[in-house]
Amino acid sequence: MIRLAENLSLPVDVATQTLLIVGKRGSGKTSTAVRLAEQLHHAGVPFAVVDPVDVWWGLKAARDGKSAGLSVYVFGGRHADLPLEPTSGALVADVLVEHRASAVLSMKHFSGRERSRFVSDFCDRMFARNTQPFHLFLEEAHEVAPQNPFKGEEEMLGRVARIWKLGRSSGLGGSAVTQRPASLSKNITTQAEILVVHRTLGPQDVAAIREWIKYHGEREEILAQLGELKTGEAFVWAPDFPEGKPIGLRRVKI
């Protein structure tokens, strides 16, 4: 089981589900995603983090900052084990598939064009080659799956969206982590099977969450409570997962 909170555990096959993890800066959304990554790691499910802001390297260190954390590779960024090149997307995907390894792909040093090329190639190869459970985290997901892509980002968006729509057939699931759900592609938000929403205040972002709730037939009155959530608190909606006994709606402290 994947234990996210005292009162919330999920089956391991959450690895092949799609999640939307949202909340304003400092609300705990990245900590929630990290918790999920840690639990997947302990369950033997590999993952990769598309990290455009270079914050996930800390998975390698324990909380005390001294002892070792998870056995993951960090490609790129200030704490890299190995460099990350814009042209290496397909190669990195091959390595992770063949060795069933987990990795943080830090691309803060990439230009927008370089990031688009890497993510596009990486997602295309993962979709083509992967066959076993593997989870893809998109930190600041609106940066790689924008609602309004700039010229040159269309292919990247299409290949990310394909994983969210069809990835389960290749063993792929994903978590889109964002503080700006209004700027995230609707192809990603509407495909999310599980919503984890932390404190959210912006009217446009609340409206984006409202769309998901309406799409899945959940209770809209919960929206009034989103601004009251404490750091680390979240509402979790899983209307159809697990099959046969859905989790439904819960308020949890992660």
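Two strands count as paired if DSSP finds at least two bridges between them. Keep that in mind for the exercises below, and remember that this is a predicted model.

**Exercise 1.** Work out how strand β1 and strand β2 run and how many bridges join them.

*Solution.* Start by finding β1 at residues 2–5 and β2 at residues 8–10. Next, count the bridges: there are three, and the strands run antiparallel.

**Exercise 2.** Find the strand order of the nine-stranded open sheet, then say which strands stand at its edges.

*Solution.* Reading across, the order goes β5-β6-β4-β7-β8-β3-β9-β10-β11, and the pairing is mixed. Now go to the ends of that list: β5 (73–75) and β11 (248–253) are the edge strands. Each has a single partner strand, so one side of each has no neighbour in the sheet. From one strand to the next, the twist averages 15°.

Zoom in on one pair to finish: β9 (residues 194–197) and β10 (residues 233–238) run antiparallel and are joined by three bridges. There, V197 faces F235 in β10. As for α3, this helix packs on the sheet and touches β4 (47–51), β6 (103–106), β7 (134–138) and β8 (172–178). The direction of α3 makes about 160° with that of β7.

**Exercise 3.** Describe how helix α2 packs against helix α3.

*Solution.* First, the geometry: α2 (residues 89–99) and α3 (residues 112–129) pack at about 35°, and their axes are 7 Å apart. Is the crossing of α2 and α3 left-handed or right-handed? The crossing is right-handed. Then pick out who meets whom: the α2 side includes V92, L96 and V97, while the α3 side includes F118, F122 and M126. Sort the contact residues by type and you get eight nonpolar, one polar and five charged.

**Exercise 4.** Say which residues touch the most other members of the largest nonpolar core, then trace the contacts of L136.

*Solution.* This core has 50 residues, and the ones touching the most other members are L105, F118, V119, F122, L136 and V160. Now take L136 and skip its neighbours within four places in sequence: its contacts include A48, V50, F122, I163 and W164. There's also a second, separate core of 32 residues, with I2, V14, F137 and I247 among them.

Technical notes:
Residues numbered from 1 in each chain as written. Predicted model: local features only at pLDDT ≥ 70, side-chain atom pairs only at ≥ 80, totals over all residues. Heavy atoms only, no water. Core = buried A, V, L, I, M, F, W, Y, C linked by side-chain atoms within 4.5 Å. Buried < 20%, exposed > 50% of the residue type's maximum accessible area, 1.4 Å probe, protein only. Contact = heavy atoms within 4.5 Å. Axes fitted to C-alpha atoms, helices over the stretch in contact; angles between N-to-C directions. Helix = DSSP H or I, 4+ residues; strand = E, 2+ residues; numbered from the N terminus. Left-handed = near helix turned anticlockwise from the far one by under 90°. Nonpolar A, V, L, I, M, F, W, Y, C, P; charged D, E, K, R; others polar.
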